[in-house]
Amino acid sequence: MADEPVDYRLLGPLEVHRAGERIEPKSPKQRMLLLDLLVHRGRSVSRDRLIEDLWGEDPPATAPGVLQNYVSALRRILGPEGIQTVGAGYSLAIEPGQADADRFEHLIERARAARLAGDAGGLQRHSSAALGLWRGDPLVDVAYEPFARASIAQLDALRAEAVELQLEAEMLAGRPREAIPGLEAAVDAHPLREQLWWLLMLALYRSGRQAEALRAFQRARRAVTDQLGLEPSTRLRELEEAILAQDPALDDGLAAPSVRRSNAGRPRSTRAAPLPPALAGRHRERAAVLGYLSAAWSRKEPGLCLLQGEPGIGKTRLLEEAHLAAVAAGSIVLTGRSYEAETGRPFGAWIDALRSVDLGALPDAVRVELVPLLPELGNERPDVDDPARLHDAVTAVLTTMAADTSVTVLLDDLHWLDASSASLLHYVARHVGGDSVALVATTRVAELDVNLSASRLVGALRRDDQLRSIALGPLDAKAIAALTDSIAPGADAALIAEASNGNPLFAMEMARGLARGDDALSSRLDALLGDRLSRLSAGAAMLVPWLAAFGRGADPSVLAEVVNRPVEELVDPLGEMEHHGVLQVLADGTYDFNHDLVRAAAYKRLSTPRRAMLHTRIGAVLASAPDPDDMLAPEAARHADAGGDSATCARASVRAARRCLRLGAYRDAEDHALRGRRHARRLPPESRVPIDLQLIHTLLHPALRLHDAGDLASDLTDLCAEAQRLELSGELSSGLYLLSRLHYWGWGDIPRARILMQRAFDVIAAAGGPHVDPILEGARCLAYLEIDMERTTGLFGQLAGLHDLATRSHQYQWGLGLVRAWNGDVDGARQALTEAITLAGARDDHWAVFECSARLLLLEADVGDPDEARPLLGDLASAAARLGAGGSEARFASAIAALYRVVDEPSEMDTFLTEVAALEAIDARFLIPELLGIASQLAYRRGDLHQASTLARRALHIAGTVDKPNEAARASALLACVAAAGRDAVGFAAHFNAARKSAMVSVHVENLLREAARLADART
C-alpha cells in the first residue's frame, strides 16, 4: 500500500487517499502545512514563509522546531519521500494528476477543445466530469489564509467557467426548458457573469417565456449597475432587442453557455418570491410594531418587542410587516426561527439568524469569534469557546453593523427557543440598548409556559422593563372578509368569522373548503389542512410525510438522499406544493411548511410505525453525512431517538454532547448524554461498552452537575467487567480511569482513586497496543495523583518518542509539567504547562485550561516567579466561570487569587484563610494542603515563624485526612525548618524524621529538608 500513489483532494475539505483509505492528518496546523505545500506544489517553500503562514507575524520561539515536527509527522503519513527538503525549505513530491485540482483543470481544457471542435457530446462529458470532482468550496480548510487566496480565486473562476460550459452543452442538446432551474441558480451565485444572464434570457425565450426573458434582462441590469456602476454589455442589450423583435435567429444556434440541472445543485423556485398578502385588520398592532422599530432604531427604546397570540392568529404575518418596514428603512435584517424539534440544538435560532446576512464585511477580529457557531467562517476555532465569549461575539456583530445603519433581529416562535438561544437573547437585549438595534419575536402563550428557559427570559425582560408585549386577538368580520373574499367570493364572512373564532388561518382554510363546495363551516382546522394536503398529486404527496418528519426546513439534497431519488426529480413536486401554499422556500434554500399547523396536520396523519420508519431513515442519512463540526449530530440523534434506532442515536449523542460542551451548552450536553445512555443500554456489549463509556465521560465533565454518583460508579464497574470479558483493553483502562476520576472528584477518596488509576495504567501498559490517548491521559493522571513518580518520570521519557505528542497533546504537556515540577525543573515545568494551556484551549477543553493555569500559578507562587504569573489570575477566574457554578473551580480560583495577595501584603492572610474555609465547606479539602503549605512557606520566608507553624500544622492535619503524602512531608519539612530556626532540637528531630518516613517526596521537599538540616547544624 505504501507504493500506491497518493490522491490529494482540494476541491472541498482536504482529503488525502491512498489505496482507498483516508490518510490526511487530523491536526489543524498539520493540515494547514500540507495545504500550503499543495497550493505551491511543484515549488519549494522556505521555512520562514511556512512559519509566517502557520503562525502569522508573531510566531512562537519554538516555531522552527514545531515546523520540523509537523514535517516529520506528514512524512510518516505520506511516506519518507512525500515531502522533500530543498535548500532552506520544503516541497511536496507530487506528480501531475495526483491532485483533483490538476485533474479538474485538465478536464476544463478538454471541454474547451470539444467546444471549439463543435463536439457537443465531448463538451457534455468533460464539463460534467470536471464539475463532478467538486465536493464544496475549494481549499475550504484555509479559506481565509493569505497564502491560499490567489489559488481559491483561480479555482472559483474556473468552476464558474465549468458551469457555463456544462450549461452550453445542455443548450446544444436542445433542452432549454430543463436548463432554466440551473441557470437561475447560476445567476444567483454569479450575478456579474453576463454570459450566464445571456443564456438564461435565451433559454426562457426558447421555452416560450418571452416576458420572463425580458425581466431577466432587467435583473441583470440592476446587478451590474448596482455593483459596478456600469450598463450591461452591448451583447446583452442586443439580445434584449432581438427578443423584443422575436427575431427568428434566436431559435437556432447558440452564442453562449447554459446552466445544467445538477445533482449537486438544489432545486429553486423559478418565480420571484411573492410579497405577502395585504394585511387584514391589525392596524393598531402594526402601528405598535412600527412605533417600537422607530424607537429602537433611534436608541429610545431598548429591549424586546414580543408578538403574542394563538397559532394561526397572524403573528408571523405581522413579523413580515416588520421585515418589510425594516428593509424599506435601510435596516440590516437578521431572521431566525425556533423549531419544536430543535430545543436541544444549542444557539439554533441565532445560527440561522447570523447566516441570513452577509458577514463578510465584518472585521476579522469579530468574525473569528463566531467560528464556534459558524464553522464556515474559519479554519480553526478560537482557543476558548464559551457562552460568555459567544454572547460578546454576537453582541459585537450587532453593534458593529449598527455603527453605520440600524439593525433588526426577527425571531419567530420564541416558545420553542433552546436554552442557549434564550440566554443569548437575554444578554443581547440587555447590552444593545445604546445602539440602533431592534429585537422582535413571536410566541404562543400556552407553549411559552411549557418552555422554562423561554418563560424565564420573558419574565426577566418584563421585570427589567425591557419588554413591549403586543397581543393579537381575533379578527372581526370585516377583516375576515378582506381575507376570504378573493378565495370564496360571496361567502358569508360573518359566519366564517364566528366559526373560525376570528382566526385568520382557520378562516382562509374554511373559505377554500367553501370554494370547493364543502361544508367547511363545520370542519376542524386540522381536517381542513389535511384536505388541502390530500389534493396534491402522487409525486408531491409522497414527499409530505418525509417533510413533516423533518420537523424544520429540509435541504433538497438531503431530502433526495432520504427518499432515494435524484434531486432533479423533486423539482416539480416541490414546486407544486409551493404553488398550492403548502411549502415555502426559505432564504437558505431549504423547503418548509407554510405554517407549523400544516406540518402538524401532516404529521398527525401518520401512524406510529410509519413515523418511526421515517425518523429512522432521516436519522441514518444525517448521521452518515459529512459533519466535521458535529452540526448535524443533535438532529441525527433526535430522529434516531424518535425512530427507535438505538445504535445511531447512541453514537450521534456522543457527538452531539461533545459539540454542546465546545459551545458551553452544558445542560444540553447532559441531556444528550443521558438520552444516548438510554439507547446504549439496548446495544450488544461490544457496541455498548465503548459508547457508554464516552457518554459517562461527558457526564463527568467538571462543568456538569455530578448526580447519581453511586449509580455511575456501579455502571462503570459493570462496564469494566464487561470490557475485561470482551478483552477490550482500551475500554477497560478508560473505565478504570473514569472510576478513579469519580472517586477523586466525586467523593474525594484519593486512596481509592490512586489504586484505580494504577490499575488503569497497568492495563494500558500490558496491552502494548497503539492506544496513544489512553496512555497519555493515564500517564498524566499518574503524575497528578503522584503515583510512583520515579516510574512516571521514566514513562514520560518513553512517551517523548511517540508520534508528535510534544506538540499536539495537552495531556502529555500537562503531565510533563507536573513531572518536571516534582523533579525541581521549574523552567521546564513552566514551559510545558504553558504549552498545555495553549493546546487545551485549541481543543476547547476548558477544564484542562483551568487546571493547568491553576497548576502554573501555584508553581510560580511556590518556587517560581509570582509577579510573572500574576496576569494569569484573570484568565483563571474566567476559566472557572466558564465551568459553571456547580464545582469547586470558582472557589479554588478565589483562593489562589487571595494567596497572591498575601505575597504582596501579609495582612491579607485572613482573607486567604476565609477562602480556604470556603473550599473546606464544599468538600474540596484535597485542594487545601498545597495552598496552606505555600502560605506557610511564605510566612517562614518573611520570618513569621508562629504563623508558618500554625499553617503548616493545619496543612499536615488535612493532608493526612485526604491522603496527600507529599504535602504532609512538605508540612513536616516546614515545621522542621521552623523548629530549627527556633533552636527546638527535639521538635526539629521529630518533624524531620516524620518527613523522611514518606516513601517518595518531591525535590522541593528534599530541598526544604536539606535547608532544615543546615539550619539545625548552624544552631548547634
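**Close-ups of a predicted model**

**View 1. R941 and E1011 join side chains in a salt bridge, 2.7 Å from N to O.** A salt bridge here means a side-chain nitrogen of Lys or Arg within 4 Å of a carboxyl oxygen of Asp or Glu. R941 belongs to helix α45 (residues 928-941) and E1011 to helix α49 (residues 1003-1019), so the pair ties together parts that are 70 residues apart in sequence. Helices (H or I, at least four residues) and strands (E, at least two) are DSSP runs, numbered from the N terminus. R941 is partly exposed, at 49% relative accessible area; buried means under 20%, exposed over 50%, and partly exposed in between (1.4 Å probe, protein chains only). This is a predicted model, where local features need pLDDT of at least 70 and side-chain atom pairs count only at pLDDT 80 or more, while totals for chains, interfaces and linings use all residues. Residues are numbered from 1 along each chain as its sequence is written, and side-chain values use heavy atoms, with hydrogens and water left out.

**View 2. R970 and E967 pair up within helix α47 (residues 965-981).** Their salt bridge spans 3.0 Å, N to O. The two sit three residues apart, so about one helical turn separates them. Both R970 and E967 are buried.

**View 3. E447 meets R444 in another salt bridge, at 3.3 Å from N to O.** Here E447 is partly exposed at 24% relative accessibility, whereas R444 is buried at 6%. The whole structure holds 44 salt bridges.

**View 4. The largest nonpolar core has 101 residues.** Such a core is a set of buried Ala, Val, Leu, Ile, Met, Phe, Trp, Tyr and Cys residues joined through side-chain atoms within 4.5 Å. W814, F892, I896, L899, F912 and L931 have the most contacts inside this one. Look around L931: setting aside neighbours within four places in sequence, L931 is in contact (heavy atoms within 4.5 Å) with L858, F892, A895, I896, L899, F912 and L919. A second, separate core has 65 residues, including V407, L414, L417 and L461.

**View 5. Q246 and D413 have positive phi values without being glycines.** Most residues other than glycine have a negative phi. Q246, with phi of about 50°, is in the loop between α10 (234-244) and α11 (283-297), and is partly exposed at 47%. D413, with phi near 60°, is in the loop between β9 (407-412) and α16 (419-431), but is buried at 7%.
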